[in-house]
Amino acid sequence: MARILITNDDGVFSEGLKLLADALGEIARVTVVAPDREQSASGHSLTLHRPLRMQQLQENLFSVDGTPTDCVNLAVLWLMKDSPPDLVVSGINFGCNMGDDVTYSGTVSATFEGTLLGIPSVAFSQEVEEQFSFERAAKFAQRFIGVLLDEPLPEDLLLNVNIPAESPRGVELTRLGKRKYKQVVVEKEDPRGKRYFWIAGTPEWQEEEGTDQAALSAGLVSVTPLHLDLTDYRGLESYGDLAARFDDLTGDLET
Ligand code: MN
């Protein structure tokens, strides 16, 4: 039976995590290692400047007082080191993780870490509107992971899956969409007269065919293959003239 490590960024007691673990527990041996509290928008952050504590809550359920990336490290490199997972699965997140937002996401970053450690990884996020259902999403996740486990997987496999709020009409392979930059910083004053800030704003998306956001809008499950190579390959081609002007920058730096 395949071994699956499950984590998330909504915390070890979140409903999406529990339903995902129950659903995947029917088709694989599941170990859950998740943050002890919500770590949404923690990105790919790794805790290096304080000790980490792991607590066993049930036989295969552990919490860590750190980020999703910490959880994957402790699970793969310590807890499961003698029988490493075949797959890292993250989620099911409360809310989408699409387009430009994926680098903020602790849910998706956990899968970055899984892939860095050589383990195929999948993130699931649920669009949250009135009619959404984690039960439906967990059932879909079980079928989806079942299909993946049928075949040997490439170790750099990294899939970002977003599930629409209404009952999905199908599954589409997509690219990351683009957010219109509507983020706002709200300035306020605290009771002692000192300034403070909230980063706020609701995301708005550019409607572009083939994107994760367009698939969700069409009532489809979006599956975006990701990789960690952030190189701008078009830039390598098109910035040649600019690069030529860098040539003179390194002369006489020692004087
Ligand atoms: Mn979250």
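**Reading the chain through a few residues**

The residue D252 is found in the segment after α7, where helices (H or I, at least four residues) and strands (E, at least two) are DSSP runs, numbered from the N terminus. This is a predicted model, in which local features need pLDDT of at least 70 and side-chain atom pairs count only at pLDDT 80 or more, while totals for chains, interfaces and linings use all residues. Residues are numbered from 1 along each chain as its sequence is written, and side-chain values use heavy atoms, with hydrogens and water left out.

D252 has a phi near 55°, a positive value in a residue other than glycine. D252 is also exposed, because its relative accessible area is 67%, and the classes here are buried for under 20%, exposed for over 50% and partly exposed in between (1.4 Å probe, protein chains only). Another residue with a positive phi is A41, which is not glycine either and whose angle is near 65°. A41 sits in the loop between β2 (29-35) and β3 (54-58), and it counts as exposed because its relative accessibility is 60%. Such angles deserve a second look because most residues other than glycine have a negative phi, and most peptide bonds are trans. The peptide bond from G91 to I92 is cis, with omega near -5°, and I92 belongs to strand β5.

Is A23 buried or exposed? A23, which has its place in helix α1, is buried, because its relative accessible area is 9%. G25 is found in helix α1 as well, but G25 counts as partly exposed because its relative accessible area is 36%. For A23 and L158, 135 residues apart in sequence, the distance from C-alpha to C-alpha is 20 Å.

The largest pocket has a volume of about 560 Å³; a pocket is an open set of points on a 1 Å grid over the protein atoms alone, where a 1.4 Å probe fits, with protein on both sides within 12 Å along at least five of seven lines, and lining residues have an atom within 4 Å of a point. Its lining has 25 residues, of which A41, C96, D101, Y104 and P203 are the closest to the centre of the largest pocket. The elements that give two or more residues to this lining are β5 (87-94), β9 (179-180), β11 (195-200) and β12 (204-205). By class, the lining of the largest pocket divides into 9 nonpolar, 8 polar and 8 charged residues, where Ala, Val, Leu, Ile, Met, Phe, Trp, Tyr, Cys and Pro count as nonpolar, Asp, Glu, Lys and Arg as charged, and the others, Gly among them, as polar.

The second largest pocket holds about 470 Å³ of space, and of the 15 residues that line it, V102, T103, L176, H227 and L230 are the closest to its centre. The lining of the second largest pocket has 7 nonpolar, 5 polar and 3 charged residues. Each volume is the space filled by probe spheres set on the grid points, which are joined across faces, edges and corners.
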